Amino acid sequence: MLSKALQTAGLWLVLVCAFGTAAHACRGLNDDTLNVGVRKSAPFVVFDDTRHAEGLAIEIWEDVLEDLVRAGVATGSEYVICETIGDQRAALVAGDLDVVISPLTITARRMLFYDFSQQYLGSGLTLAEIQSGAIDFELATSLIIATVTQPGVVRAVLLFLGFNLLLAICIRAALRSGGGLSPVEGEGRLVSGIKYLLEAIVRTAGLKGVGDAFSTTFGKLLEIFMAVVGTALSATVLGVLTSAFVGASGQSGSLGASHLPDHRIATLADSTAETFVENQYEERGLVTSDGPVCVEAGTPLASTRGCVLYKTWGEAVTALAAGEVEYVLGDWVALSFHARSDLYRNRIAVHSQVFQNEPYGWGIAPGQDDLRREIDRSLISQMRQPSWRKRIESFLGAGAISPE
């Protein structure tokens, strides 16, 4: 226990010393109001030409601030612009910021140095790549299998097969009574049974419409019913197949984490994605003494490294579209937002595979317990509102609540 406490204290000391200077890069100067750290990260925080901040995080914070003022824990707030996650982290530890509302994922390591609010959005680390336009049949097959093996689906399929057998018997009786499919002389029972079974399959699949094979009322009604069931079944099967192949179009399948060092990867500086890439290099024994694994874009070493750092996800995706990197390893929500934008729609594909789940929260300076409790209370109240999901998707797009 003592050793662990010393390690934690050492981490605090190293962090404060290492980033003490960087903290001033986004230091709040107003002691009368809350100093709120923001950095460029569309669509959570964006700046207009006058450096005015707006976006999803700003809108949510404005509502939270009203609750904080009513609770008497704040009189107002001032936005403080930070360039990187590292600047925000240092400012929080040093107490130069009270809250950081730019997108931050909650991790155990970060919680050693500052507090977090209630989780308000789920996300995780995944990959983005150039959409090839080809269909990954292995992925399509896995999607179909995953759909069919959902709880209750197998039971429904078995019940439907039993229902088909019953219909086959009814069709046989109807055809025999109506003379629509009389056995040919010399035709055995097996061949005759197969013909009736095939007739049932054809009608169940919707491949045969209403004809004049039946002369009885029962036969006519059965034929109409089978045509309706067949059409519905065909539409359902076609929908499942279409969804699977559309979902597998433009992706080259999953890429294991251990293979990341084999490719040129873009990611965000000071992010958990950067740490994740570095860990893969360490596990494969590829870390050398000639410099860090990941280097900033535009530096002399950037052309010789497999991991390149950018200040924003937008810059990383731009590098991907320009062919400067093979993949972007980053936040699922952020990458999906950029991939859905008009600039990159149908050009960038985001994998559904998530390496590790990381929920979003707001960073809060240590020792601000009252502030944290009131922020959590306000966020929870907002998330319980029916309009919460619509509000999130109005900024991030449909399906942005969490990775699949």
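## Cavities

Two cavities of 30 Å³ or more are counted. The structure is a predicted model. The largest cavity has a volume of about 130 Å³.

## Lining of the largest cavity

Which residues lie nearest the centre of the largest cavity? They are Ile 85, Pro 103, Thr 105, Trp 313 and Asp 331. Strand β5 supplies the largest share, with three residues.

How do the lining residues divide into nonpolar, polar and charged? Eight are nonpolar. Three are polar, and four are charged.

## Strand β11

Strand β11 covers residues 327-331. Is this strand buried or exposed? Five of its five residues are buried, so β11 is largely enclosed by the rest of the structure. Buried here means under 20% relative accessible area.

## Partners of β11

Strand β11 pairs with β7 and with β8. Strand β7 (residues 124-130) runs antiparallel to β11, and four bridges join them. In this pairing, Leu 127 stands opposite Leu 329 of β11.

Strand β8 (residues 265-268) pairs with β11 in the parallel sense. Two bridges link β8 and β11. Here Ala 266 stands opposite Val 328 of β11. In a regular strand, side chains alternate between the two faces of the sheet.

Note on methods
Residues are numbered from 1 along each chain as its sequence is written. This is a predicted model: local features need pLDDT of at least 70, side-chain atom pairs count only at pLDDT 80 or more; totals for chains, interfaces and linings use all residues. Side-chain values use heavy atoms; hydrogens and water are left out. On a 1 Å grid over the protein atoms alone, a cavity is a set of points where a 1.4 Å probe fits but cannot get out, and a pocket is an open set with protein on both sides within 12 Å along at least five of seven lines; lining residues have an atom within 4 Å of a point. Grid points are joined across faces, edges and corners, and a volume is the space filled by probe spheres set on the points. Ala, Val, Leu, Ile, Met, Phe, Trp, Tyr, Cys and Pro count as nonpolar, Asp, Glu, Lys and Arg as charged, and the others, Gly among them, as polar. Buried means under 20% relative accessible area, exposed over 50%, partly exposed in between (1.4 Å probe, protein chains only). Two strands pair if DSSP finds at least two bridges between them.
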